[in-house]
Amino acid sequence: RKYRRNIMNYFICGICGYIAMDSAPEKCPVCTAPKEKFSQNDAIFEESKAKAAEGAAKHVPSIWVDKETKLYPGTEFVTVHAKIGEVPHPMEEKHVIQFVDCYADKKWIKRAHFTPAVVPAITAHLKIQASKITVIENCNLHGYWINETSL
(Lines give C-alpha, C1' and ligand atoms only; values in the text may rest on other atoms or scores of the structure.)
Protein backbone atom coordinates (compact mmCIF):
# COMPACT_ATOMS: atom_id res chain seq x y z
CA ARG A 1 0.00 0.00 0.00
CA LYS A 2 1.42 3.35 -1.00
CA TYR A 3 1.64 6.11 1.56
CA ARG A 4 -0.13 9.31 0.48
CA ARG A 5 2.23 12.24 -0.15
CA ASN A 6 1.62 15.71 1.19
CA ILE A 7 0.18 17.91 -1.59
CA MET A 8 -1.55 20.71 0.31
CA ASN A 9 -1.42 22.94 3.35
CA TYR A 10 -2.41 21.47 6.71
CA PHE A 11 -3.40 23.40 9.84
CA ILE A 12 -3.55 21.64 13.21
CA CYS A 13 -5.76 22.69 16.12
CA GLY A 14 -3.53 23.08 19.16
CA ILE A 15 -6.39 22.10 21.46
CA CYS A 16 -7.87 18.89 19.99
CA GLY A 17 -5.57 17.88 17.12
CA TYR A 18 -8.13 18.39 14.34
CA ILE A 19 -6.48 18.95 10.94
CA ALA A 20 -7.87 21.50 8.50
CA MET A 21 -6.92 21.24 4.84
CA ASP A 22 -5.90 24.25 2.72
CA SER A 23 -6.62 26.93 5.39
CA ALA A 24 -7.37 27.28 9.09
CA PRO A 25 -11.07 27.70 9.87
CA GLU A 26 -12.43 30.61 11.90
CA LYS A 27 -13.15 28.08 14.64
CA CYS A 28 -12.39 24.39 15.04
CA PRO A 29 -15.38 22.21 14.08
CA VAL A 30 -14.43 19.67 16.75
CA CYS A 31 -13.66 21.78 19.85
CA THR A 32 -14.63 25.32 18.68
CA ALA A 33 -11.14 26.72 19.37
CA PRO A 34 -10.51 30.03 17.55
CA LYS A 35 -8.37 30.33 14.41
CA GLU A 36 -5.43 31.60 16.51
CA LYS A 37 -5.06 28.12 18.05
CA PHE A 38 -4.16 26.60 14.66
CA SER A 39 -0.59 26.17 13.45
CA GLN A 40 0.50 25.25 9.95
CA ASN A 41 2.43 22.01 9.46
CA ASP A 42 2.69 20.97 5.83
CA ALA A 43 4.98 18.03 6.61
CA ILE A 44 2.86 16.39 9.30
CA PHE A 45 2.28 13.14 7.44
CA GLU A 46 5.90 12.83 6.32
CA GLU A 47 6.95 13.32 9.95
CA SER A 48 4.73 10.43 11.00
CA LYS A 49 6.07 8.24 8.22
CA ALA A 50 9.68 9.01 9.19
CA LYS A 51 8.98 8.13 12.84
CA ALA A 52 7.48 4.75 12.02
CA ALA A 53 8.24 3.73 8.44
CA GLU A 54 7.92 0.06 9.39
CA GLY A 55 4.57 0.77 11.04
CA ALA A 56 2.54 1.75 7.96
CA ALA A 57 0.75 -1.62 7.98
CA LYS A 58 -0.54 -0.83 11.49
CA HIS A 59 -1.33 2.85 10.93
CA VAL A 60 -2.51 3.76 7.42
CA PRO A 61 -6.33 3.76 7.36
CA SER A 62 -8.05 1.28 5.04
CA ILE A 63 -11.23 2.74 3.54
CA TRP A 64 -14.12 1.09 1.73
CA VAL A 65 -17.46 2.47 0.62
CA ASP A 66 -20.86 0.80 0.48
CA LYS A 67 -22.96 2.65 -2.08
CA GLU A 68 -25.87 0.27 -1.50
CA THR A 69 -26.29 1.04 2.18
CA LYS A 70 -28.47 -1.31 4.21
CA LEU A 71 -29.22 1.42 6.74
CA TYR A 72 -32.06 2.82 4.62
CA PRO A 73 -32.47 0.63 1.51
CA GLY A 74 -33.51 2.55 -1.58
CA THR A 75 -31.96 5.83 -0.44
CA GLU A 76 -29.00 7.65 -1.91
CA PHE A 77 -27.02 7.45 1.33
CA VAL A 78 -23.46 6.15 1.18
CA THR A 79 -21.78 4.27 4.02
CA VAL A 80 -18.06 4.79 4.54
CA HIS A 81 -16.05 2.32 6.62
CA ALA A 82 -12.45 2.68 7.75
CA LYS A 83 -10.23 0.52 9.88
CA ILE A 84 -6.78 1.43 11.05
CA GLY A 85 -4.09 -0.62 9.36
CA GLU A 86 -3.98 -3.75 7.30
CA VAL A 87 -2.95 -5.58 10.47
CA PRO A 88 -4.35 -4.82 13.93
CA HIS A 89 -2.86 -1.85 15.75
CA PRO A 90 -1.81 -2.67 19.33
CA MET A 91 -4.43 -0.98 21.47
CA GLU A 92 -2.64 -0.66 24.81
CA GLU A 93 -2.51 2.03 27.51
CA LYS A 94 0.94 3.10 26.28
CA HIS A 95 0.25 2.73 22.54
CA VAL A 96 -3.21 3.62 21.28
CA ILE A 97 -5.06 5.18 18.36
CA GLN A 98 -6.47 8.26 20.07
CA PHE A 99 -8.95 9.30 17.40
CA VAL A 100 -9.96 8.97 13.76
CA ASP A 101 -11.41 11.85 11.72
CA CYS A 102 -13.41 11.40 8.52
CA TYR A 103 -13.69 14.10 5.83
CA ALA A 104 -15.83 14.39 2.70
CA ASP A 105 -14.25 16.64 0.05
CA LYS A 106 -11.89 18.13 2.67
CA LYS A 107 -14.73 18.98 5.06
CA TRP A 108 -14.71 17.31 8.45
CA ILE A 109 -17.77 15.12 9.07
CA LYS A 110 -17.02 12.84 12.01
CA ARG A 111 -14.58 11.99 14.79
CA ALA A 112 -14.35 8.77 16.79
CA HIS A 113 -12.30 8.57 20.02
CA PHE A 114 -10.79 5.27 21.15
CA THR A 115 -9.60 3.54 24.29
CA PRO A 116 -7.50 0.36 24.47
CA ALA A 117 -10.74 -1.62 24.92
CA VAL A 118 -11.92 -1.16 21.31
CA VAL A 119 -10.85 -1.89 17.75
CA PRO A 120 -10.01 1.38 15.96
CA ALA A 121 -12.59 1.51 13.18
CA ILE A 122 -15.17 4.06 12.07
CA THR A 123 -18.39 4.07 10.05
CA ALA A 124 -20.05 7.18 8.62
CA HIS A 125 -23.42 7.22 6.88
CA LEU A 126 -23.33 10.12 4.42
CA LYS A 127 -26.42 11.86 3.18
CA ILE A 128 -24.32 14.35 1.21
CA GLN A 129 -22.78 14.01 -2.22
CA ALA A 130 -18.98 13.86 -2.14
CA SER A 131 -16.25 12.89 -4.57
CA LYS A 132 -13.43 12.09 -2.12
CA ILE A 133 -13.28 10.61 1.38
CA THR A 134 -10.24 11.26 3.56
CA VAL A 135 -9.51 9.48 6.83
CA ILE A 136 -6.88 10.73 9.29
CA GLU A 137 -5.88 8.85 12.43
CA ASN A 138 -3.75 9.89 15.37
CA CYS A 139 -1.53 7.40 17.20
CA ASN A 140 -0.17 8.63 20.51
CA LEU A 141 3.33 7.30 19.64
CA HIS A 142 3.55 7.59 15.85
CA GLY A 143 1.48 10.68 15.06
CA TYR A 144 -0.92 11.29 12.19
CA TRP A 145 -1.55 8.94 9.26
CA ILE A 146 -3.80 9.60 6.27
CA ASN A 147 -5.47 7.83 3.38
CA GLU A 148 -8.20 8.77 0.92
CA THR A 149 -10.42 7.25 -1.71
CA SER A 150 -12.59 8.57 -4.51
CA LEU A 151 -16.31 7.84 -4.52
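Me: Where does Val30 lie?

Reply: Start with the model itself. This is a predicted model. To place a residue, look for the elements on either side of it. Val30 sits in the loop that joins strand 2 (19-21) to strand 3 (38-40).

Me: Which residues does Val30 touch?

Reply: Skip residues up to four places away in sequence. Val30 then touches Cys16, Tyr18, Trp108 and Arg111.

Me: How many residues separate Val30 and Lys110 in sequence, and what is their separation in space?

Reply: Check both kinds of distance. Along the sequence, Val30 and Lys110 are 80 residues apart. In space, their C-alpha atoms are 8.7 Å apart.

Me: What about the whole chain? How many helices and strands are there?

Reply: Count the elements, then read their order. The protein has 2 helices and 10 strands. From the N terminus, the order is β-β-β-α-α-β-β-β-β-β-β-β. The radius of gyration is 15 Å, close to the 15 Å from the globule rule for 151 residues, so the protein is as compact as a globular protein of that length.

Me: What share of the residues counts as buried, and what area does the protein expose?

Reply: Take the residues, then the surface. Of the 151 residues, 45% count as buried. The protein exposes about 8,300 Å². Carbon and sulfur atoms supply 53% of that area.

Me: How far apart are the mean positions of the positive and negative charges?

Reply: Average each set, then compare the two points. The protein has 20 positive and 17 negative charges. Their mean positions are 1 Å apart.

Me: Now a single residue. Where is Asp101, and is Asp101 buried or exposed?

Reply: Give the element, then the accessibility. Asp101 lies in strand 6 (residues 97-104). Its relative accessible area is 1%. The cut-off for buried is under 20%, so Asp101 is buried.

Me: With which side chains does the side chain of Asp101 make polar contacts?

Reply: Name both partners and both distances. The side chain of Asp101 makes a polar contact with the side chain of Trp108 at 3.4 Å. Another is with the side chain of Arg111, at 2.7 Å.

Me: Where is Arg111, and is Arg111 buried or exposed?

Reply: Arg111 is in strand 7. Arg111 is buried, with a relative accessible area of 14%. A polar atom of the Arg111 side chain also lies 3.2 Å from the backbone oxygen of Cys16.

Me: Tyr18 came up beside Val30. Where is Tyr18, and what does Tyr18 touch?

Reply: Tyr18 is in the loop between strand 1 (10-13) and strand 2. Tyr18 is buried, at 6% relative accessible area. Leaving out residues up to four places away, its contacts include Val30, Asp101, Trp108 and Arg111.

Me: Which residues have a positive phi without being glycine?

Reply: Asp105 has a positive phi of about 50°. Phi of Lys106 is near 70°. Asp105 is in the loop between strand 6 and strand 7 (107-113). Lys106 lies in the loop between strand 6 and strand 7 as well. Asp105 is partly exposed at 33%, and Lys106 is partly exposed at 39%.

Me: One last residue. Where is Thr79, and with which side chain does Thr79 make a polar contact?

Reply: Go through the steps again. Thr79 is in strand 5 (residues 78-84). Thr79 is buried, with a relative accessible area of 2%. Its side chain makes a polar contact with the side chain of His125 at 3.0 Å. Thr79 and Val65 are 14 residues apart in sequence, with their C-alpha atoms 5.8 Å apart.

Conventions:
Residues are numbered from 1 along each chain as its sequence is written. Side-chain values use heavy atoms; hydrogens and water are left out. Helices (H or I, at least four residues) and strands (E, at least two) are DSSP runs, numbered from the N terminus. Buried means under 20% relative accessible area, exposed over 50%, partly exposed in between (1.4 Å probe, protein chains only). A polar contact is a pair of N or O atoms within 3.5 Å; within protein, one must be able to donate a hydrogen and the other to accept it, and residues adjacent in sequence count only if both atoms are side-chain atoms. The radius of gyration is taken over C-alpha atoms; the globule rule is 2.2 Å times the number of residues to the power 0.38. Accessible areas come from the Shrake-Rupley method with a 1.4 Å probe; for residues, only the protein chains shown count as cover. Lys and Arg count as positive and Asp and Glu as negative; His and the chain ends are not counted. The place of a charge is taken as NZ of Lys, CZ of Arg, CG of Asp or CD of Glu. Contact means heavy atoms within 4.5 Å.
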